[in-house]
Every structure is written in structure tokens, then in C-alpha cells.
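Q: Hi, I'm new to this one. Could you walk me through it?

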Amino acid sequence: MATAFAPGKCILFGEHAVVYGHPAVAVAIDAGVEVKLDFSDEWGIKNSYYANEYMKYQEDKNPHIHYIINDVFNYDGPPLRINIESNLFSAAGLGSSAALSNAMGAALHKLTKPEGKIDRIELAKIGHSAEANAQSGRASPTDSATSSLGGCVVVSGKKNDDWEHVFDTSLMTPEGERKWSIHSIDLHEKISNSWLVLGFTGEAAPTGDMVSGVASRLKKNPALYDEMKAIENITKAGLKALELGNLEAVGIAMNSCHEKLKILGVSTPALDNMVSMTRQHSFGSKLTGAGGGGCMVALTSNPERVAQEIEICGGRPLISKFGSKGAYLREN
Ligand code: PMV
């Protein structure tokens with residue numbers, strides 16, 4: 001038997017701007033996906049998203065899992081019983097498919113190569129390729145890298161010496177080759193001891209639609225490129241504040257980032273409402289990820305009060321420490 005857990009993620013700064021080469025900052029959160037693998041007589045899968053019992057394993061219904069079993073590991077051993085438990089909201093921008101892919105990669109590695117240690121960079125690349133395979137060849141490495149490495153990760157179009165460089169990666173997409181540099185930053189103790197509260201609106205908007213919406217608004221109004229540059233400046237100020245442990249300054253940067261995302265047209269009334277209601281009890285608050293629904297995130301020292309505010313607004317809260325650890329194996 002082998003069990004692995006991989007965390008979800010939340011984007012703090014730079015969503016959408018990252019698509020145009022600017023940096024984005026993501027942190028691992030406490031919630032995530034656990035995958036437990038057992039040898040068995042027949043293939044079976046249980047996914048806590050959908051069911052409480054084992055079902056027939058169907059390749060087309062489980063594209064991430066199937067890709068890892070067949071294309072990454074070329075697995076030809078006995079049938080597997082695959083048990084998936086998740087405490088992430090799904091289709092909410094919290095990186096649940098990357099967490100699933102990373103947990104599956106780590107668990108299958110343990111099952112097939114019990115002596116081998118997990119290489120986090122290798123795991124991030126496995127997760128990224130599984131996502132790209134399931135998403136017509138288009139995926140950013142943000143979710144898979146943050147889930148594998150844990151802590152706080154900076155993704156940008158090119159290497160930047162201001163942050164610790166971890167690895168470079170690329171992907172052949174239908175639009176040509178894309179390249180990214182993955183960095184990591186050390187969080188100040190004051191930041192690691194603070195809380196993030198995520199609020200899920202319950203509305204889902206596919207990331208691809210939100211990204212193409214921004215692209216068409218940019219085409220109509222090229223002045224919006226200045227907003228992308230402004231987001232980069234906010235991201236850099238936010239990163240400095242994270243390293244220095246200045247919670248107030250991180251919050252100000254989060255608030256400013258939300259205003260820019262509104263100008264890009266990706267917020268919604270539900271997100272704006274939760275963002276403004278949670279600000280009373282937070283250092284800062286913003287939508288996180290693609291927008292159009294999904295989640296907002298607040299930085300706070302009073303997580304219960306913020307969670308209550310999210311519930312009052314009709315959202316579902318999720319409280320997390322800031323920058324949790326990356327994917328790991330669990331003792332069985
Ligand atoms: O909501 P998510 O986690 O899918 O965030 C997408 C972030 C974008 O910058 C909007 C797109 C991307 O590929 O980085």
C-alpha cells in the first residue's frame with residue numbers, strides 16, 4: 001500500500017498578468033488531495049468528490065490518473081484500488097487537479113519504487129504534464145509546482161535573480177512552445193503564523209474562458225496592458241512585504257491587486273461583495289485565480305470572524321495556514 005498527500009494552492013498576486021509573462025505568486029494551502037493505492041484482484045476507484053464506494057476504473061473518466069499510470073510510469077503490475085479523498089472545493093481555482101496528479105504520482109512512485117525518494121521537481125513536472133494532457137495541451141505550471149514544492153512559489157516568464165530559482169520548465173502548446181521559470185521565496189515567520197481564509201462563491205467559470213475574455217478586452221483596449229504592468233509592480237511590492245513579514249503591506253498589495261483585476265473585468269458582484277465584507281477583519285482581501293466566480297482570499301489574524309463573514313455572504317469558507325508544506329508520503 002502507498003499513500004500520498006498533495007496540497008491545493010491559492011494565487012496571491014499576478015493572476016492573468018502571468019499569462020503575459022509577468023510574475024505570479026502562489027502559496028500552498030492546508031487542504032488538498034490524498035491518494036491511497038493498494039494492489040488488488042481488479043481495478044477500482046473511489047473518489048470522495050462523487051462517491052463513497054469503489055467503482056469500475058474508467059480511463060476516460062480519470063484522465064490525470066490514467067496518464068500517470070500509463071504514460072509516466074508505464075505501469076504493468078497487478079490491478080490497483082485507487083482511493084481519492086479531497087477536502088478542496090473542486091472547479092474553484094484551488095488547483096485540485098494538480099493536487100490529484102501530484103498525489104497520484106507520489107503514491108505510484110512509492111508503490112513501484114519503494115526505496116526511491118520523491119524528487120519534488122520531477123513530481124511538479126509529472127503533475128504539469130498530466131494537467132496539460134487533460135487540458136488540450138494548455139496548462140500553466142503554477143498549480144503543480146506550488147503543490148509539489150509547497151510554501152510560496154513565484155512563476156514568471158523569465159528567471160529573476162531577486163528570488164531563489166528552483167527550476168525551468170516548458171510546454172509545447174497548440175500556440176507554440178511556452179517557457180516558465182519557477183522560483184521560491186522564504187516567508188517571514190509573522191507571515192507563516194498568519195491565516196488565509198478562502199471563500200468559494202459556488203460559481204464556476206472555466207479558466208480558459210476568463211483568459212480569452214481578458215485577451216479580447218486587451219485587443220479592444222490596448223491601454224489595459226498598462227494595468228498588467230501595474231499588477232507586476234503590485235506583485236513585487238507584495239513579495240517584498242512577504243519576505244519582511246509586513247502583514248499590513250501584504251494586505252494593501254492584495255487590495256490593490258483586486259482593483260486591477262476588476263479593471264480587467266474578471267471580478268463578479270459575489271466576489272466583490274465577499275472581498276469588501278471580509279476586509280473589515282483582514283489585512284487585505286482579493287479574488288484569487290481566474291475569477292468570474294471561484295474563490296476570494298483574505299489574509300487575517302482572525303480567521304473565524306472572516307469565515308463567518310463569508311458564510312453571511314452566502315459563500316463557503318476554508319481556513320488555511322499560510323504556505324503549507326508540499327506533497328509528501330503518509331505512513332500507512
Ligand atoms: O483559477 P485558476 O487557478 O485556474 O487560475 C488561473 C490563473 C490565470 O492566471 C488566470 C491563468 C494561468 O494560466 O495562469
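Q: Which residues surround the ligand?
A: In this predicted model, the ligand is surrounded by Lys9, Ile11, Glu15, His16, Val18, Val19, Gly93, Ser140, Thr207, Val211, Gly289 and Ala290, each with a heavy atom within 4 Å of the ligand.

Q: How do they divide by class?
A: The shell has five nonpolar, five polar and two charged residues. Here Ala, Val, Leu, Ile, Met, Phe, Trp, Tyr, Cys and Pro count as nonpolar, Asp, Glu, Lys and Arg as charged, and the others, Gly among them, as polar.

Q: Which elements each supply at least two residues of the shell?
A: Strand E1 (2-13) and helix H6 (207-220). Both are DSSP runs numbered from the N terminus, with at least four residues for helices (H or I) and at least two for strands (E).

Q: What lies 2.8 Å from an oxygen atom of the ligand?
A: A polar backbone atom of histidine 16. For alanine 290, a backbone N or O atom is 2.9 Å from a ligand oxygen.

Q: And how much of the ligand does the protein bury?
A: The protein buries 85% of the 380 Å² that the ligand exposes when taken alone, by the Shrake-Rupley method with a 1.4 Å probe.

Q: New topic: which residues of H9 and H10 meet?
A: Met274, Met277 and Thr278 in H9 meet Val306, Glu309 and Ile310 in H10, with contact meaning heavy atoms within 4.5 Å.

Technical notes:
Residues are numbered from 1 along each chain as its sequence is written. This is a predicted model: local features need pLDDT of at least 70, side-chain atom pairs count only at pLDDT 80 or more; totals for chains, interfaces and linings use all residues. Side-chain values use heavy atoms; hydrogens and water are left out. A polar contact is a pair of N or O atoms within 3.5 Å; within protein, one must be able to donate a hydrogen and the other to accept it, and residues adjacent in sequence count only if both atoms are side-chain atoms.
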